[in-house]
Amino acid sequence: MSILPQVIFLVIFVAAGYVLYRRISFLKRNIMLGKKEERNDQPGERWKTMLLVAFGQQKMFKRWLPAFLHFLVYAGFIIINLEVAEFIIDGFTGQHRIFAPFLGGFYTFAMNAFEFLAVGVLVACVVFLIRRNITKVPRLTMKELKGWPAMDANLILIIEICLMMVILKMNAADQILASRGVEHYTQLGTLFFSSLLTPLLEGFSTSFLVFTERAAWWFHIVGILGFAIYVTYSKHLHIFLAFPNTWYSKLQPKGEMTNMPEVTNEVNMMLGIPTEGAQESPAEIGRFGAKDVNDLSWINIMNAYSCTECGRCTAECPANITGKKLSPRKIMMDVRDRAEEVGKSVDAGGKGLEDGKSLLGDYTTAEEINACTSCNACVEACPVNIDPLSIILQMRRYVAMEESGSPAQWNAMFQNMETSFSPWKFAPTDRFNWAESVKDEEIK
């Protein structure tokens, strides 16, 4: 038997692996543009969060219809890919359905389960295409999704539909060939869904069916390898990053805002208090807040790459609902786009972070971040625990503390806090004057 198919498969597999390795290295480098942040406390709680939110899809089921459809796609992706392992072994060994003789009737059961999931994925993807392009769900048609983001979403759905249809067509041709006693093909018993296609193929010659089955096999395995590479350029990277992203979730209460280490260190220096991890006489004090991606933490940038662009955060944002420019989804897309721009510049020998651009100003405007009410609705709504508020607060701190660029009303409030220890402009000694009037009324 010719080993040419195995050689071709090996070349394709190695080439795909190399491209995937290069892309993963690029993404890792981009994520690590951010500052170091340790978030390994409470490992038990973190494993629980990852299992419930990422693996169990817990937050998706606040909206049952898209949640059920997404679960079909998610379960199909995980379980059907078990069959891909057999494809890979078959590709290297030149065998066909190598597990069938060992598993017997269970193999037929498994194939029927795979086909059921394939049909489920196919139906779900068709519904998702209708929601995006015909019924036009508002959160899926906002302006930040124009162009490539909308095309990316549609492409992924179309690719998944094609891959599922190819599985069914391949199984149908396979079983007809097995029934004709063609060497290399194994009779499996009834495969319910693909058997519905056999009447369409039974009239064709054996040679044509062999060509059809082999073409479908190659299309599927090459499609899967191509899909794995494409995902790293797509919003669907969340398929993989959802797990580490939820593991590194912020476990503190959502209303708790983190202190700025730069401010704490500076105050301690002024008071002569030693600060753990700080230099005794630092030459330069760190930047307050965030202007560019390197001012954010690596977890913030991983959040951006984990974004599914589903828009639940923006749909729940009170600022966006009332017509403000803020869209938490756009904030995450801006961070990812800026990290990609810097990474590509570095790879091309360019200026990288010194290219004269920055996240704040060139991607995200002060008007957007000032519209945020810090309500945490976006954080609560996100299916994979992304935290847009952390990024917004860091950019807003930069505007306030480095540029003194906050709105005039805010600056007046900041000044009152410094001088009067309250948002209102009256002396601290007069704070209880109201109580005197109440006391006089009681006396009367």
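These legends accompany close-up views of one predicted model.

Local features here need pLDDT of at least 70, side-chain atom pairs count only at pLDDT 80 or more, and totals for chains, interfaces and linings use all residues. Residues are numbered from 1 along each chain as its sequence is written, and side-chain values use heavy atoms, with hydrogens and water left out.

**View 1. Helix α1 beside helix α9.** Here are α1 (residues 4-31) and α9 (residues 206-231), whose axes come within 9 Å and cross at roughly 15° (axes are lines fitted to C-alpha atoms over the stretch in contact, with angles from 0 to 180 degrees between N-to-C directions; helices are DSSP runs of H or I, at least four residues). That angle makes α1 roughly parallel to α9 (under 35 degrees).

**View 2. Side chains between α1 and α9.** Look for P5, I8, F9, I12, F13, A16, V19 and L20 of α1, which meet W217, W218, I221, V222, L225, A228 and I229 of α9 (contact means heavy atoms within 4.5 Å).

**View 3. Two spans from the UniProt record.** The unreviewed UniProt entry lists "transmembrane region" features that include residues 109-130 and 188-210; such annotations may be inferred rather than shown by experiment. Residues 109-130 are 100% helix, with end C-alpha atoms 32 Å apart. For residues 188-210, the ends lie 17 Å apart and the span is 57% helix.

**View 4. Confidence along the chain.** The average pLDDT (the predictor's confidence in each residue, from 0 to 100) is 89, and 96% of the residues score at least 70. Confidence is lowest in α21 (residues 433-443), with a mean of 73, and highest in α12 (residues 298-306), at 96.

Key
Helix = DSSP H or I, 4+ residues; strand = E, 2+ residues; numbered from the N terminus. Parallel < 35°, antiparallel > 145°, perpendicular 65-115°, else oblique.
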